[in-house]
Amino acid sequence: MRNIIILGAGLSGLSCAYHCKDNYKIYEKSDRVGGLCKSEKIEGYTFDYGPHILYSIDTYATELIHKLLKGNLYEKAREAWIYHKINNIYTRFPFQSHLYGLPKNIVKECVIGLFEAYTNPDKIKPKNYKEWMYKVFGKGITDYLMVPYSYRIWTIGPEKMNYDWIKRRVPTPDIEEIIDGAIRDSSKEAGFNIEFWYPIKGGIQALPEGFLNYLKNIYLNSEATRIYLNKKKVEINHKIKESYDYLISTLPLPELVKIIDEVPTDVKKAADNLLNNSIYCVNLGIDRPNITDKHWIYFYEDDFVFHRISFPMNFSPFTTPEGKSSISTEIAYSKFRPLSKDTVIEKAIESLKKANLLFNDDKIEVTQILNMEYAYIIYDLDHRKNVDKIHSFLKENNIISCGRFGEWEYFNMDHSIISGKKSAGKLNKLLY
Ligand SMILES: Cc1cc2nc3c(=O)[nH]c(=O)nc-3n(C[C@H](O)[C@H](O)[C@H](O)COP(=O)(O)OP(=O)(O)OC[C@H]3O[C@@H](n4cnc5c(N)ncnc54)[C@H](O)[C@@H]3O)c2cc1C
């Protein structure tokens with residue numbers, strides 16, 4: 001048996017251990033397992049680090065999620081909407097399939113643009129995400145919503161991004177569906193998570209905790225502070241040094257590269273050039289019942305500080321005291337669009353009032369800010385080149401980097417679980 005060290009006890013690290021056939025130890029810097037899938041309890045409310053809904057098209061991940069949650073799961077039909085300040089209206093998500101209800105001139109522009117894009121004989125491959133949007137949706141839809149929303153969530157312009165990540169992310173309904181959704185109030189759902197699951201009790205943290213029944217050797221409050229490549233040792237909390245045969249890291253790639261003792265300059269540069277956004281999640285507990293029956297709402301206009309708000313009380317009533325409502329807002333920032341933590345609650349409340357979701361006489365009984373420094377990786381135009389360079393260096397040095405920030409890909413929970421499983425699979429092959 002060889003020694004495997006796993007860094008990080010988020011879903012990917014836990015899944016790797018669950019599928020590992022060898023001796024392993026998990027070191028996690030936090031005082032709890034779960035990583036981004038932690039939940040916080042405050043005065044009777046439960047909030048996730050950005051509301052986390054479960055869905056998967058992968059049969060194995062689906063079965064494992066159900067096994068881990070042992071029936072502690074609601075199945076919900078998605079109520080996802082988009083807010084438009086014009087006339088204070090909502091249209092269903094995804095925007096492109098549900099134009100009905102918008103002012104007629106906007107619908108007309110969107111449909112004409114779509115028709116022009118559809119009939120355009122030009123076969124040139126788009127060079128970036130913005131060109132891809134124009135090619136697929138046309139000018140109306142792209143200019144009205146796609147570009148502004150892109151800025152809100154990614155904090156950079158879509159012309160600076162590639163579109164490798166689009167599959168299963170941006171719904172691309174066919175022209176018939178789009179026209180149907182433009183001429184009548186069609187509630188036909190489109191997209192990838194039409195139905196979703198959410199833990200009945202415990203918030204999303206119930207999922208990583210489900211792994212604990214099957215795992216051992218998890219060391220909490222244990223941060224990897226240095227990796228000695230030649231000696232194959234990891235230093236924990238600047239003190240003890242542990243030897244390994246293979247190291248599995250789920251740390252964000254830039255953080256991993258920082259703690260490795262000897263890194264070639266080009267690899268360091270590649271890690272420095274990786275881009276990600278960060279998110280403040282401003283959570284509010286409101287002393288008013290049933291603010292809405294929606295699950296979440298997207299915002300794309302600059303008048304609002306957030307790109308999405310969700311209502312945990314509608315995911316599970318156990319997240320919110322009876323007779324009250326809960327709101328979770330997600331606010332993206334980055335070095336390209338910095339945002340001070342000191343003013344973010346105030347800005348979130350102001351934006352909620354502008355959207356008529358909160359009123360001056362509402363009693364806000366709980367406020368909370370959760371910060372996710374690494375939230376979404378940004379697919380800039382050099383993404384693939386930089387990630388490949390770092391991964392090949394790690395591979396040469398017996399380090400397998402997995403998970404959302406270890407692979408540096410737009411992974412959902414199911415992808416992260418599968419990423420951990422695949423790493424264990426690689427190890428199992430290497431060892432036997
Ligand atoms: C705002 C937001 C909303 C999301 N919503 C959804 C959703 O609705 N549905 C969905 O399926 N997915 C969603 N996701 C994605 C999901 O959270 C991730 O795919 C998944 O949690 C990633 O797990 P991971 O283990 O790869 O990474 P992480 O959860 O980041 O785990 C990494 C772990 O490493 C630990 N660590 C870091 N540095 C060290 C160190 N030096 N030493 C030891 N440990 C260390 C961290 O503390 C952490 O526990 C969302 C993500 C975000 C940001």
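In this predicted model, Pro94 is placed in the loop that connects strand E7 (89-92) with helix H3 (104-119). The peptide bond leading from Phe93 into Pro94 is cis, and its omega is near -5°.

Asn87 is not a glycine, yet it has a positive phi of about 60°. This residue belongs to the loop between strand E6 (80-84) and E7. Asn87 counts as exposed because it has 8 C-beta neighbours inside 10 Å, and the cut-off for exposure is 12 or fewer. Trp408, also not a glycine, has a positive phi of about 60°. Its position is the loop between strand E19 (399-401) and helix H11 (413-431).

At the level of the whole chain, the domain assignment gives domain 1 (3-34 + 200-274 + 380-431) and domain 2 (92-190). The C-alpha centres of domain 1 and domain 2 are 37 Å apart. Contact between them involves 5 residues of domain 1 and 7 residues of domain 2. On the side of domain 1 that touches domain 2, the residues comprise 2 nonpolar, 1 polar and 2 charged.

The largest nonpolar core contains 118 residues, of which Ile4, Ile6, Ile248 and Ile331 touch the most other members. Helix H4 (residues 129-154) provides the largest share of this core, with 10 residues. Both domain 1 (3-34 + 200-274 + 380-431) and domain 2 (92-190) contribute at least three residues each to this core. When residues up to four places away in sequence are not counted, Ile248 touches Ile4, Ile6, Leu7, Cys16, Ile400, Cys402 and Ser423.

An open sheet is formed by 5 strands in the order E9-E2-E1-E13-E19, with parallel pairing. Its edge strands are strand E9 (218-219) and E19, each of which pairs on one side only. Within this sheet, strand E1 (residues 3-7) and strand E2 (residues 23-27) run parallel and are joined by 5 bridges. Leu7 has Tyr27 in E2 as its bridge partner.

A ligand is surrounded by 34 residues, the closest being Gly8, Gly10, Gly35, Gly50 and Gly403. At least two residues of this shell come from each of helix H1 (11-19), strand E18 (364-378) and H11. By residue class, the shell around the ligand divides into 15 nonpolar, 12 polar and 7 charged.

Strand E10 (residues 224-228) runs antiparallel to E11, and 4 bridges join the two. In this pairing, Ala224 stands opposite Ile236 in E11. The hairpin of E10 and E11 has 4 residues between the strands, and Lys232 there takes a positive phi near 55°. E11 also pairs with strand E12 (residues 240-243) in the antiparallel sense, again over 4 bridges. Here Glu235 has Lys241 in E12 as its bridge partner. The hairpin formed by E11 and E12 has 3 residues between the strands, with Asn237 in the turn showing a positive phi of about 50°.

Asp261 is located in the loop between helix H7 (253-259) and helix H8 (265-272). With 12 C-beta neighbours inside 10 Å, Asp261 counts as exposed. Apart from neighbours within four places in sequence, Asp261 is in contact with Arg226, Ile227, Tyr228 and Leu229. Although Asp261 and Ile227 are 34 residues apart along the chain, their C-alpha atoms are separated by 6.0 Å.

Technical notes. Residues numbered from 1 in each chain as written. Predicted model: local features only at pLDDT ≥ 70, side-chain atom pairs only at ≥ 80, totals over all residues. Buried ≥ 20, exposed ≤ 12 C-beta atoms within 10 Å, placed from the backbone. Domains from an automatic or database assignment. Contact = placed C-beta atoms within 7 Å. Nonpolar A, V, L, I, M, F, W, Y, C, P; charged D, E, K, R; others polar. Near = placed C-beta within 6 Å. Core = buried A, V, L, I, M, F, W, Y, C linked by C-beta atoms within 7 Å. Pairing = 2+ DSSP bridges.
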